[in-house]
Amino acid sequence: MTHLKTGAVAFAAALLMSGSAFAQQRMLNYNADFDPTPLAAFQALIADFEAENPDIKVNLNNFDHEGYKTAIRNFLTADSPDLANWYAGNRMAPFVTSGQFMDVSDVWEANGLGDQLASAKASMTIDGKQWGVPYTYYQWGIYYNKDAYKAAGVEVPTTWDGFVENCAKFKEAGIDCLTTGSKALWPAAGIFDYLNMRTNGYEFHMDLTAGKVAWTDDKVKATFAEWAKVQPFITENHAAIDWQDAAALLVQGKAANYVMGNFAVATFKEGGMTNDNLGFMVFPEITPGLPRAEEAPTDTIHIPAGAKNVDDAKKFLAFVARADVQTKLNAALGQLPTNKDSSVDAADPFISAGFESLSSAYALAQFFDRDAPAEMAKMGMEGFQEFMVKPDRLDAILDRLEKARGKIYQ
Amino acid sequence: MSSYWKRNQLRLAPWLFLAPGAIMFLVYVIIPIFQSLSISFYDWDGLGEAVYIGTDNYVELMDDEAFYTSLKNNLIWLVLYMLAVPAGLMIAIFLNQTVRGIRIYKSLFFFPFVISQVVVGLMFSWFYAPNFGLLYKLIELVTGNGIAILADEDYVTYGIIAAGLWPQIAYVMILYITGLNNIAPDQVEAARLDGAKGWKMLWHVILPQLRPATFIAVVVTVIGALRSFDLVSIMTDGGPYGSSRVLSFYMYEQALSEYGFRMGYGAAIAVVLFAIMMVFISGFIWKMWRDETER
C-alpha cells in the first residue's frame, strides 16, 4: 500500500514537472470572427508570430461572423480573452466608454504607429487615446459588368450626370442600372454614404452620423433628390434578396452597376467574372469641387480590459501593425494594408485601384453602421430601404429619423 | 427528528418530490419574469451602469410606430394561426381511415412538424424568392408580373404566416388523430342507428368527444402565434423596413441584436407581450380549473 502511494506521488510530481515545463510557454487567448479565407490568412500570421516568439502560444477561438457581434458582449464581461477582434470608429465607442477595451496608446507610441498607420489613426482614437490596432481595410466603390455596358451600348461614365443618363439606356436594354440586395439592410447604407459624401461632403456626413445635423435638413433632402434620380432603375425586389443574390445579377449581366466593398470581388469571380469583364470605378463626383472622401471600413484588434496576459498581447498588436506583416496578411486577405510602408499586389487591378483611391482620398469614412451609433444605424438603414421601395414617403421617413435622433443622441 | 418525519411524512413527501421541478421553475421562469419587470424600468445597455428611469420605456413604447406595427402583426398572426385548428381537424378526419399504408400517409403529413422551423423558413423563402422561386414564377406565369412576397410590406406577414401554418397544421392534426382514436365506438354506433350522418354526426357526436383535443390545439396554436420568432428572423429579419416585425422579434432586436442593446426597452416590450399572453393563459387556466371542479 505504501509502495502504491509513493508511486502515485512520484507520478504526480512528474506530471507537475512536465506541467511547469509547459508553463514556460505563455498562452495568449484570441477571440476572432474570421470567415474561411481570412481565417487561413490569420493562421499563417499566428504561425509567423509564434516562430518569432517561441515562448508564446496563441490560442485562436474563431466565432461565427454574425454571432460574434453579440457574443463579444458576453465574453468581454464574463470570460475575457487577451485579444479580440472588432471594428474602428463609433462601433468601438460603447466598449471604450464602458471600460471594456484597454488603452493601447503606449503600443502606438513605442512603435511609431502614429506615423505608419496615419490614415487609420483618427478612427482608432477616442478621447485622444488609441484603443486598438487596425490590420486591414478595403475600399468601396462601383463595381460594374463591362459586358452589360457593351450590351446596352453605353460608355463607362465619368460624371454622376452621365451615370444617371446611362440608366435610361440600360432600362431599354432590360438591364438594371444599379443593383443591390437590401435584405440585410447594410448594402443600402453604402449607396447613401456615397451620395451624401458626394453631395454634401465628408464633414456634413460626419456631422449627420454624429447626430449634429437634423435629418430634415435641406442638404439631406438634396442627397435624397440625387438618389431619387436612380431609384427607378434599381433592381426591383432588392428588399427580398441578399447582397450575394444581387452579385449574381451583376455576374449574369442582368445588372450593370453595384455599389459594394472590395470583398465582393471574390464573389464576382466565383460566379465566373474575370479582370476582363469586371470593372471598378470610384463613385463619381456630384457636387463639383468637393474634396473626395471614400468609405474604408477598418478591421481592428483590441485588448480587453480583463485580459490576463497584457504584455504578450501588446507584443502581438505591435507585430500585427508591422509593415511586412501587414503586406503578407493583406495579400492573403485580398484587402488593403493600413500601414503606409506596406505594399500591395500590383497585378490585382482592384487592389491597386483601391490603394490608389484610398491613399489619394481627402478623408475616410468607416461606413454608416460604424460611424453612426447602432440604433441610429438600424433606423437609418431601414429608412434607406423604405425610400428605395416607396420614394414618395421621403418626408415621413426623414421625420421618423429626426425623431429618433432626438432620442438617441442625448 | 425521526419522530417528526414519521408524523409528517405524508404531508412532506409530495413537496420533496415536487422540489426539483419547482426549484427549476422558480429559477428559470418565475424569477426571470420579475427580473424583466424590474429591468423594464431602467435604461441599461447590458454593460454599463443601469439608470432608473421609471416608466419612460413604456411612455416611449406608446409613441413608437414600430411597436404598433409589431402589435398589429401579432394580432394578424393570432387570427390567421387559428386556421390551423379546423385545417388540422379536416386532415385528421381524412386520414382516420383504414387503408393500406395509412401510417405512411400519416407520417408524411406529420413530417413538417418534425423538421426545424429554420428549415421551414428557408424552404418558404426559396418558394417566394424573386426570379427563381416557384410561387414567384407561378404568379409571373398567370399575371405576367411576379410578386416578391417577402419584399412587399402588404404581403410579407401573410407569407410568413403561411409558412408557419404548415407545421402547425401538422401538429394540430396529430392531436386530433390521437383524439379520434379515443372516440367511443358505441356512441357512434348509437348515433348511426338514430340516423345521424355527415355534418350532423361530426358536429353533435364526434366534436363533443374531441373537446379535450380541441382545447390543447387552441392552446398550442395561440402560444405558437404569440411566440412566432424563428420564422420572422429567418425569412425577413423583420423587413422590409420593419413591416413584418412581431413583438417577440422587436424585443430581440432592441435588446440583443447587432444594432441595439437597450435591455430596458426590450424588457418593456417583453412585459407587454407577457401581459397579452397572460390574458390567454389565465383564460385557459380558468377553464381547466372549472372543468376539474365540475366533475
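Mentor: Start with helix H11 of chain B, residues 211-226. H11(B) has 16 residues and reaches 23 Å from its first C-alpha to its last, close to the 22 Å expected at 1.5 Å a residue. Keep in mind that this is a predicted model.

Trainee: Which residues of H11(B) are buried?

Mentor: Count neighbours. A residue is buried if 20 or more other C-beta atoms lie within 10 Å of its own. In H11(B), that holds for B:Ala213, B:Ala217, B:Thr221, B:Val222, B:Ala225 and B:Leu226.

Trainee: What covers the buried residues of H11(B)?

Mentor: The cover includes four helices of chain B: H3, H4 (84-95), H8 and H14 (263-294).

Trainee: How do the axes of H3(B) and H8(B) cross?

Mentor: Look at the angle. Here H3 (residues 65-81) and H8 (residues 156-181) of chain B have axes that come within 10 Å and cross at roughly 40 degrees. The pair is therefore oblique. The crossing is right-handed.

Trainee: Which residues make the contact?

Mentor: From H3(B), take B:Asn73, B:Ile76, B:Trp77, B:Leu80 and B:Tyr81. H8(B) supplies B:Thr157, B:Ile161, B:Gly164, B:Leu165 and B:Gln168. By class, that is six nonpolar, four polar and no charged residues.

Trainee: Now B:Met201. Where is B:Met201 placed, and what does it touch?

Mentor: B:Met201 sits in helix H10 (residues 198-209) of chain B. Leave out residues up to four places away in sequence, and B:Met201 touches B:Ala191, B:Ala196 and B:Ile206. B:Met201 has 15 other C-beta atoms within 10 Å, so it is partly exposed. B:Ile281 is 80 residues from B:Met201 in sequence and 32 Å from it in space, C-alpha to C-alpha.

Trainee: Are A:Phe367 and B:Tyr241 buried or exposed?

Mentor: A:Phe367 has 23 other C-beta atoms within 10 Å, so it is buried. B:Tyr241 has 27, so it is buried too.

Trainee: Last, the two chains. How many residues of chain B are in contact with chain A?

Mentor: 20 residues of chain B are in contact with 22 residues of chain A. The chain B side divides into 11 nonpolar, five polar and four charged residues.

Technical notes. Residues are numbered from 1 along each chain as its sequence is written. Chains are lettered from A and ligands numbered from 1 in the order in which they are written. This is a predicted model: local features need pLDDT of at least 70, side-chain atom pairs count only at pLDDT 80 or more; totals for chains, interfaces and linings use all residues. Axes are lines fitted to C-alpha atoms, for helices over the stretch in contact, and angles run from 0 to 180 degrees between N-to-C directions. Helices (H or I, at least four residues) and strands (E, at least two) are DSSP runs, numbered from the N terminus. Angles under 35 degrees count as roughly parallel, over 145 as roughly antiparallel, 65 to 115 as roughly perpendicular and the rest as oblique. A crossing is left-handed if the near helix is turned anticlockwise from the far one by less than a right angle, and right-handed if clockwise. Two residues are in contact if their C-beta atoms, placed from the backbone, lie within 7 Å. Ala, Val, Leu, Ile, Met, Phe, Trp, Tyr, Cys and Pro count as nonpolar, Asp, Glu, Lys and Arg as charged, and the others, Gly among them, as polar. The expected span of a helix is 1.5 Å times one less than its number of residues. A residue is buried if 20 or more other C-beta atoms lie within 10 Å of its own, exposed if 12 or fewer, and partly exposed in between; C-beta atoms are placed from the backbone.
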